Structures are given as structure tokens and as C-alpha cells.
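Please consult the sequence and structure shown here alongside the text.

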Amino acid sequence: MWSGPSKQKQVEESLNNPYSDGIREALDQFKYNFVITDPFLMDHPIVYASEGFLKMTGYSRGEVLGRNSRFLQGADTDRRSIIEIREAIRQEKSCQVSILNYKKDGTSFWNFFHLAPVFSQDQGRVIHFIGVQTPIRKCSRLCTSKDVENDSMMQHGSSASANSKGNASNNLIFFGSCRRELCRDFSVDLGHSRLQNSCTEDDHKGRVVKHACEAKESAKQKAKAAISCVMSELVLFSKYTGKSVSDTRCDSADLVRVAPSISSSLTIALSRIQQSFVLVDPHLPEMPIVHASNSFLQLTGYSRDEVLGKNCKFLQGQDTDQEDISKIRQSIEAEQPCTVRILNYRKDGNPFWNLLHTAPVRNASGKVAFYVGVQLDVTGMEDNNHSDKGMTSQMKQLGAVGAVRVAVRSLLGAGPSK
């Protein structure tokens, strides 16, 4: 289900770049139900879906590739399970949850979901997540919201009756639901995390599930085996390209210095910002780029692997005005925003006039955590502050800076002192 040819290309390249030819055929041999997702693409989409997953859910490959996995959620999907998955993605770690999902025809099924991160050994960051789905064959019935209301009325009607049924009520877990206006698009499954937690403890006509729907040990072991097999193939095919992956992060000092990384949850939040921008870390040598938007990659012609961990000076060329560069440096030293019209160069060597706006991004404690640079191609434009759909260039750039700041403060917190 593609939103355009560029989206399809990004999904295809997500597997093509780190793994050698034949990776899809190798993954196709497995009978497991699983997907592979990319947290660096907009909305954390599925970039590979196994035949087992397609048969289990009833969807075609074209209907799932490029989409976030939230389409598996439904009316009675437990939001606490979704939040648990989101937290695992934020912390870049594995998790296992039992969750109620829905097939294409609307049929619900209990699913033991096992999530595992895939790390780039060279860059020290998560490049993919593997999600294995194992149907839970035997499960107690799901109590609906209507059951909860009826049970609540009976308890209010007779306290003695409620006490006598104490043991039975202990078998149920009551969950507060998200407020109705937010619940419809509460999309955190596989990492589409909101910047604010919209769930509340009031409004609790929410989901009720039974303890009994717990996966058997055999199902857990099957999911673990699936993760191991899929990971082995990814590791093997990544070695052929020289971009080795692993199930654990490499934390060597040299790696952090050469290829700094930010959390997957922050990456996902930043990927929603539809502007050309980069995020750099002033606390590391050479102020390397730690995030580059898809629009920036399209503007400059570089791939993400070619820019992460590098200083932005690769955009400079023989006719770049050194005075403009000095202005940027001075603004960084003063921790102030700066706007310059600077001549930059694309990967193919072609120059373009870049209306560059840089600004400090502070964490929750007020310390500068990053600098953001928002680029706008103004080649051939006499007026730098031209209007597009009612928004001036300055408005667009300030909007992007504001969105980056919200994401960083919400997901980075106070952060470590540097």
C-alpha cells in the first residue's frame, strides 16, 4: 500500500542497503509469521513481511509493505500491551507480550508478539526491528466493555454480592482507556510513539482481559527460535556488504566517536518532520550529524550512511563564502540561532543556494543537547522569504525547529550532564 514511488523505493532500499542480493529469498524460506520494520523511515513501516504473516492476517504483501503495524489493532486491543511495545522500542530492547490483534476480515486472534532490535555494528544504532507473531490457540473469552458496565452495576447494587464474588473479580484486570477522541489514532504499535501519553485513569470503560490468555512455553520457545533464525540470515547477508549487523549494540569508545546515535524513539519522532534538516551533537568531536531527514538526503543526493557521523562541512565547496561559515561558528559559540544564505554542493558536485537556519536544541534541564540545521533550496529566488501555500520560508524553518525541540524535550528528558 504505497503512498508514492519514493516511499516504495525507500522500503526496498531499507533491505537492499545493509544486506546483499538474495536476502528476501533467504527470508522467504522460513515458515514463521514475522515482519521486519525500519524505525528510520517515516511512520516506522514494515519493509518485509513473511508468507506466514500474510496467511495468518489475510493481507497481501502490497497491503502491508510501507505501513505501520497498527492496522492489526482493533476495538479490544489492550492499550497497555501497545505501550509496552512502545517502551521496548524507545529503549531499543526486546520484549514479549500477548496482544489481541485482528485479521483483514475483522476476526480477532490472540497473538504472542516477540520484538527484537537489529543493530548496525559499524554505526552502533538500531537499523531494523524483527517482529514475530505466534497465534495463541487456546484462550479464555475476552470480556467486553459491556461486560464491565454490567459487572459494575451489579457491584454497586449489592456490596455483599460484590464481596462474595471477590475471588472471581480478581481474575480480571481493568484498564483505563484512552480518551475517546485520542483513542482512534493512538498509534504506538511498533514504534509510532506519541509525544504525549494520552491515556488516563479516568474514563475507565476500557479494555478488560483475562489472565488466562497467556502463551504456553512452547509458543515462547517457537518465537525465540524464529528470532534467532531470522537474525542469523540478516547477520550472514550483512557480512557480504561489509555492513555487519548484530543482535547487540557495540559500545566501544571508537564507535561512539565515529558514528554517534540517538534513540529509536527520538528518530521516529524526528522522521515525522517533513523538512530538510540535520541534527548535530556539539558534545562530540567535529560536531557530527546524528540524524538526517529524508528531505535532506533528497536535497543533497547523499545516502544516510554517507552523512551520519560526519561534520556538515562536506556540503562546502570552492566557492563557499568563508564569511558565512564564520557567522555559523560564532552563533554556535554564543548558543544563538543564525540564518545565512550559503552556497553548498550536492553529492554530484552541483552547487545550490541554501537558506540555512541553525538553532540550539536544549534538553529538559535547559542545556544544549543538539544543534539543528534546517535547509531550504533558494536557487534562482531573489526573495529569500518567499511564500508557499501561505507559509513563508522563515515560518517553515521556525516550525521545523519548534517540532525538533518538542521531540527532543519530550523523549530525551533532562539527559546526562555533559
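The model is predicted, so local features need pLDDT of at least 70 and side-chain atom pairs count only at pLDDT 80 or more, while totals for chains, interfaces and linings use all residues. Residues are numbered from 1 along each chain as its sequence is written, and side-chain values use heavy atoms, with hydrogens and water left out.

**Largest pocket**

- The largest pocket has a volume of about 730 Å³. A pocket is an open set of points on a 1 Å grid over the protein atoms alone, where a 1.4 Å probe fits, with protein on both sides within 12 Å along at least five of seven lines. Grid points are joined across faces, edges and corners, and the volume is the space filled by probe spheres set on the points.
- Its lining comprises 26 residues, and Glu 13, Asn 17, Leu 297, Ser 303 and Arg 304 are the closest to the centre; lining residues have an atom within 4 Å of a point.
- Helix H1 (5-16), strand E5 (126-135), helix H13 (294-300) and helix H14 (304-307) each contribute at least two lining residues, with H1 giving the most, at five. Helices (H or I, at least four residues) and strands (E, at least two) are DSSP runs, numbered from the N terminus.
- The lining has eleven polar, eight charged and seven nonpolar residues.
- Domain 1 (5-139 + 215-246) and domain 2 (264-412) each supply at least three residues of this lining; the bounds come from an automatic or database domain assignment.

**Second largest pocket**

- The second largest pocket has a volume of about 560 Å³.
- Of its 22 lining residues, Asn 311, Cys 312, Lys 313, Ile 328 and Ile 332 lie nearest the centre.
- Elements giving two or more residues to this lining include strand E9 (277-280) and helix H15 (322-333); H15 gives the most, with four.
- The lining divides into twelve nonpolar, seven polar and three charged residues.

- Helix H12 (264-271) is largely enclosed by the rest of the structure, because eight of its eight residues are buried (under 20% relative accessible area, 1.4 Å probe, protein chains only).
- The buried residues of H12 pack against helix H5 (79-90), E5, E9, strand E10 (289-292), E13 and helix H16 (393-412).
- Ser 276, in the loop between H12 and E9, counts as buried because its relative accessibility is 7%.
- Beyond four places in sequence, Ser 276 touches Ser 293, Ser 295, Phe 296, Leu 299, Gly 373, Val 374 and Gln 375 (heavy atoms within 4.5 Å).

Methods. Nonpolar A, V, L, I, M, F, W, Y, C, P; charged D, E, K, R; others polar. Buried < 20%, exposed > 50% of the residue type's maximum accessible area, 1.4 Å probe, protein only.
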